[in-house]
Amino acid sequence: MFATIVDNDISLALVQPSFAHDYFDIVSRDRDYLAQWLTWPVHADGIAFFEGFIRHSLHDYADGKSLTCAMLYQGAVVGNISFNTISHDLKKVQIGYWVCQNQQGKGIVSRCVKALVHIAFEKLGMEKVEISAATENAASRAVCERLGFTLEGVIRQAEKLDDRIVDHAVYGLYRSENVPSVSR
């Protein structure tokens, strides 16, 4: 099973059924916070929601389509990060992430993205890492900019979040442009 140590405080672990309770606890506490930028929190009405998510994620992992991990900070599940898609034909991965509200601002997401970028380039042989974030999601966009991603464009009317439609800023990082701050 996939697992990696990011640093002394952070590790990534392939999602597993035991994480369903942790995910539900986080969403129960942070539903409104997470729903600002994610479509699924309003639908996460029980542990069964996350059990299904984990089953689907493990199936896609076995098929080589994605990699979905829990972010663990000091041993506790604090969020999720993934290669939402792995395209071997395009040699590209798309990263998505979320972290619970009380762990914001500690650099957890940045360090985990950095680890996944390393895996994408060095272990999977990808040429591009892509991240898409709502244009108004300053925290998520700051992660991309901090790690040297380039804003490639804005997709207008990209996603419906509850009662509003948001635009997405699309960031890319290429193996050939891999900045020193991203290499491990």
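How many of the 12 residues of strand 4 are buried? In this predicted model, nine of them are buried, and strand 4 is therefore described as mostly covered, given that a residue counts as buried when its relative accessible area is under 20%.

Strand 4 is paired with two other strands. With strand 3, which covers residues 67-73, strand 4 runs antiparallel and is joined by seven bridges, and one of the pairings along strand 4 sets G79 as the bridge partner of M71. Two residues lie between the strands in this hairpin of strand 3 and strand 4, where Q74 takes a positive phi near 50°. With strand 5, strand 4 is again antiparallel, and here eight bridges join the two; S82 stands opposite G96, which belongs to strand 5. The hairpin that strand 4 and strand 5 form has four residues between the strands, and K91, in the turn, has a positive phi of about 55°.

## The largest pocket

The largest pocket of the model has a volume of about 1100 Å³. Its lining is made up of 44 residues, and those that lie nearest the centre of the pocket are W37, L38, G96, Y97 and W98. Several elements give two or more residues to this lining, including strand 4 (76-87) and strand 5 (92-99), as well as helix 1 (19-35), helix 2 (47-62) and helix 3 (108-123).

When the lining residues are sorted by class, 20 are nonpolar, 19 are polar and five are charged.

## Salt bridges

A search of the whole structure finds six salt bridges. One of them is formed by E130 and K92, whose closest N and O atoms are 3.5 Å apart; E130 sits in strand 6 and K92 in strand 5, so that the pair links distant parts of the chain, 38 residues apart. Both E130 and K92 are buried.

Another salt bridge brings together the side chains of K128 and E152, at 2.8 Å from N to O. Because K128 lies in strand 6 and E152 in strand 7 (residues 150-161), this pair ties together parts that are 24 residues apart in sequence. K92, K128, E130 and E152 are linked in a network of salt bridges.

R175 and E127 also form a salt bridge, with 3.4 Å between the closest N and O atoms. This pair, too, links distant parts of the chain, for R175 is in the segment after strand 8 (164-174) and E127 is in the loop between helix 3 and strand 6, 48 residues apart. R175 is partly exposed, with a relative accessible area of 29%, and E127 is likewise partly exposed, at 35%.

## A residue of helix 1

D32 is found in helix 1. Is D32 buried or exposed? Its relative accessibility is 67%, and because a value over 50% counts as exposed, D32 falls into that class. D32 and V42 are 10 residues apart along the chain, and their C-alpha atoms are separated by 8.3 Å.

How values were computed:
Residues numbered from 1 in each chain as written. Predicted model: local features only at pLDDT ≥ 70, side-chain atom pairs only at ≥ 80, totals over all residues. Heavy atoms only, no water. 1 Å grid on protein atoms, 1.4 Å probe; cavity = no way out; pocket = protein on both sides within 12 Å on 5 of 7 lines; lining within 4 Å. Points joined across faces, edges and corners; volume = space filled by probe spheres on them. Nonpolar A, V, L, I, M, F, W, Y, C, P; charged D, E, K, R; others polar. Salt bridge = Lys/Arg side-chain N within 4 Å of Asp/Glu carboxyl O. Buried < 20%, exposed > 50% of the residue type's maximum accessible area, 1.4 Å probe, protein only. Pairing = 2+ DSSP bridges.
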